Every structure is written in C-alpha cells, then in structure tokens.
Amino acid sequence: MKKIELFILRSYIGPLLMTFFISLFILLMQGVWKYVNDIVGKGIEIPVIAELLFYLAIQLTPMALPLAILLAALMTFGNLGENYELTALKASGISLWRIMRPIAIVTFIISISAFWFSNNVLPVANLKFYTLLNSIRNANPEMEFKEKTYCNTIKGFRIKVDRKNTKTGMMYDLVIHDHRDEVNNTFNTTLADSGKIDINDKLGLVELTLYSGITYDEKVALSNKRLSDRERQMYRHDEFSIQKAQIKVDGMSFTRMSEDMLRDNYTMKGLSQLKQGVDSLQHLEDSLQHSLHRHSLMSVGQRARSYYRSDSAFVCAIDTGKIFPSLDSLAETLTEIQKKLAYESAVASARRLKQTIDDHVYNTKTDHGRLNRHIMERHKKFTMPLACLLFFFIGAPLGAIIRKGGLGMPIVISVIFFIIYYVIDTFGMKMAREDVWFIPCGMWLSTSILLVIGIFLTYKSATDSDLFRSEAYTKLWLKIQTFLIKVKILRPKEAEEQNA
C-alpha cells in the first residue's frame, strides 16, 4: 500500500511545483506590467529591481498557490483516470477517499503552512515591497535629453536640444526656459550655441556649462522701490561666451524611505497586531460617538437653560440625558416674542448641530473604513489557507470525473473555477467593506460556495457519477422524450426528427 501512496504522491508533487511556478510567473508578469511606469526611466540598479520583484512574488504567492493546487489536482487525477490507473485501483477495492488521502494530507500541511506564511511572512513582504516601491516612485526620472524635444525632468525648467553628440556629450542649439519664480509668474529664456549638462548624483546637483549664448530676462529687479528703475529693467538680455550654473534638484538619487511610515497599514500586520488595531479603532469610534452624543445633549441643554434657569427639574433632565415629558407645557409659559426668539434660536442651534454632525460623520468615515479593513484582513488570514484545501477537493474529484490529463482541459477548467472564485470573493469583499453586508458574510461567501461545490463533486466522484459524460445526458433526454410521448405532448415522429 505504501508503494501506491508514494506513486500517487509523486504523480501530484511534480505537477504542483510546475503549476505553482507557472502561475506565479504569470501573476508576476502582470504585476510588472502594473508597476512598469513607476520603475522605468528612474535609473534604478538591477539589484534593487530584483529585490522589488522578489517581494512582489512573495505578495502574489497567496493567489498563485490555490490556483496551482487546483490545476495540479486536476492534472493528477485526470492522468490517473485517462490511463485507467484510477479504475484499476478502484477495481482492487481501494476507495476514492483512500486514493485521495495521501495527497489530502500533503495539501492540509500546505494549507497550515500557508496560514503561517500569511500571518508572519506576508506582512513583512508587503511592508518592504510598498516601502521600496514608494522610494522608487519618489526618485526623480533619469534625465534623458532627446533631440528636438522638450525635457521637463528638472522641476522649474524646460530644456530642448536640437542635436547632440553621443560620444563627447556635447549638445548644440540649446533652449532653456526657467520658470521657477511661480510667485511673480516671471521667467527667463537662455539660448546657447552649445553646452554640456553634467549630473552629480551624490550632491543632487545639475551642472550646466553653456557656450556662446544670450539670456532674456523678463521683469527682473521688481524689488526696486523706484518705478523708473523697475521700468528700465523690465526686460533685459545678457550675452555671454561661457556661462556655468548649478541647479539643486531634490530626490535625484535613489534613497530608501523609512518603513515606519507604512507600518500602520492593515496589510503590514499579523493577527495579534490586527487585533490591537481593531480594538484601538473600535475604542476611538465609540469615544467619538459618545462625544457627539454628549455634545448634542449639551447643546440642547445650554439652549434650554437660557429660558428655564429656574426650573431645576428640567436642568436635571438635561444633565442626565433623560427625556423631559412636559417640555411643551413649559414652552407655553413664554410670551409671543419670547416664543419667536426661542424658535429662531432653536432653528439656528439645530443648523449648527447638524453641521457638527455632518463634520463628525465626514471625519469618522475614514476611521470606520480603516476598522473594516482591519477586520477583513483578519478573516483573510483564514480564508486563503482554507481555499487551498477546498480547491483540492474540487480539483481531485473533478479530474477523476472528466478523466482528462495533460495541460489542455485542466487549465481551461482551473481558470474558469478560479475566475468565478475571484469574482465572488471580490464582490463579497466590496459588500463587506462598504457595510452593505455583515463582514464575515462577505469575507466567507466565496469559501462557502467552494465548500458546497467541493462536497458535491466529491460525492459525485465517489459514486462514479456520469456528470460530464454526454451519454448520460443523451439517456436522460430519451427518458424525457418517452415521458412527453406518453402524456401526448410530443409525437413519435417529432421525437425521431429531433434525435436525427
């Protein structure tokens, strides 16, 4: 029996490793395409890009692993069924569950490992990935001057080069627009016959060396107090044979930002940290609601005290937050002028209170969204490993039913199931995030559907169901036609024509 178990395990481990790396590679290429605009043109070294891709691969592992398990289970049991090995094992008295048991144990171990990975490794990888990605995004693009095209890389400058010598680095017919003075909305333009532009990454400087040119300066020396001096220097041009300048550019070189800036994000936390985050955010939300409730009572109480200072019972009712039953009777004691003033004051107070409530709702909406995401992330730590196990109980019986191995049919079925799972999971998360559904219902929706499908397919496979055989549906249609003929809904000739 051990030889059979080893044979089944060898048939499963190989396709599992192959499909995992294929799935991870495809998802990684999709991720590279997503972030390519943030990486290209920044002059980032290859080791830094390799590090970023490594963290991205770790981040995509929870998505690649369930797909690989589903595809590997389909391929394994499809090959066993196609080569009649599964039939031979069943004929020798071995049940389907006994055949699935060694692979199920391995998948269960993988699921436990996936939970540990999701709780301990994935948060660290997310933190390092997004920290490194934001550091790359904050780096200025690498300066590349194309011929007859304006370059806007240097903030406050637009530089155009007519032609350049790639060997010597000399540029010809330069046009430089300097519009750094955004306060006075002034700018100057420099035309040069030739020049060089050198970049000092360590000091963050762009060094300009221009030859045989002229600078047109608009609205210089506006700080002069005398009007005549300002008008005389409104436009000025200076000719030069050689001119050197240094421009300070922030963020030219790549520098890593601190990880502490993103450490509070929910995707960077394990279960214990998520629990602390949920408790603190829940306490903050409760305190804000209590503060608003108390502020509303105090607002009503202060308005009432201005008219009922002598009524100790009413003041006590306001202080304790109880409903005062005879408020209308107390209002009848006021004169018409006092009533009018009281009504106008009450309307103004209600408007101010409404504005306070609107501001409170606007300010707490973000905090409540953070709370929902923390709770959702806690559920996600469990749904992903469980999805690995459920995908096995979908792929294994499904492969035993269809009896098709290789990569053709299993890939098609796996992609269809995975897309359905991903769409349902995204829909459930959206409903939970927006408080349309109870958060556990939204987060466990896709897992519940997978559980039902897995139980159904496992039962059908254990009972040798003809679920995917066309002969079974042909027999069912013939039975339906026979019944329709008996009740005289369908004629025999029409049935023959349909079967033909």
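Predicted model: local features only at pLDDT ≥ 70, side-chain atom pairs only at ≥ 80, totals over all residues.

1. Residues are numbered from 1 along each chain as its sequence is written, and side-chain values use heavy atoms, with hydrogens and water left out.

2. The largest nonpolar core has 45 residues, and those with the most contacts inside it are Tyr 12, Ile 69, Phe 77 and Phe 392 (a core being a set of buried Ala, Val, Leu, Ile, Met, Phe, Trp, Tyr and Cys residues joined through side-chain atoms within 4.5 Å; buried means under 20% relative accessible area, exposed over 50%, partly exposed in between, with a 1.4 Å probe and protein chains only). Two or more residues each come from helices H1 (2-39), H2 (46-82), H3 (85-91), H4 (96-138) and H9 (336-402) (DSSP runs of H or I, at least four residues, numbered from the N terminus), and H2 gives the largest share, 14 residues.

3. Leaving aside neighbours within four places in sequence, Phe 392 is in contact (heavy atoms within 4.5 Å) with residues including Tyr 12, Ile 69, Met 100 and Ile 103. A second, separate core of 16 residues includes Cys 151, Val 161, Met 171 and Phe 240.

4. Met 29, found in helix H1, counts as partly exposed because its relative accessibility is 38%.

5. Cys 388 counts as buried because its relative accessibility is 0%, whereas Cys 441, at 46%, counts as partly exposed. A search of the whole structure finds 0 disulfides (pairs of cysteine sulfur atoms within 2.5 Å).
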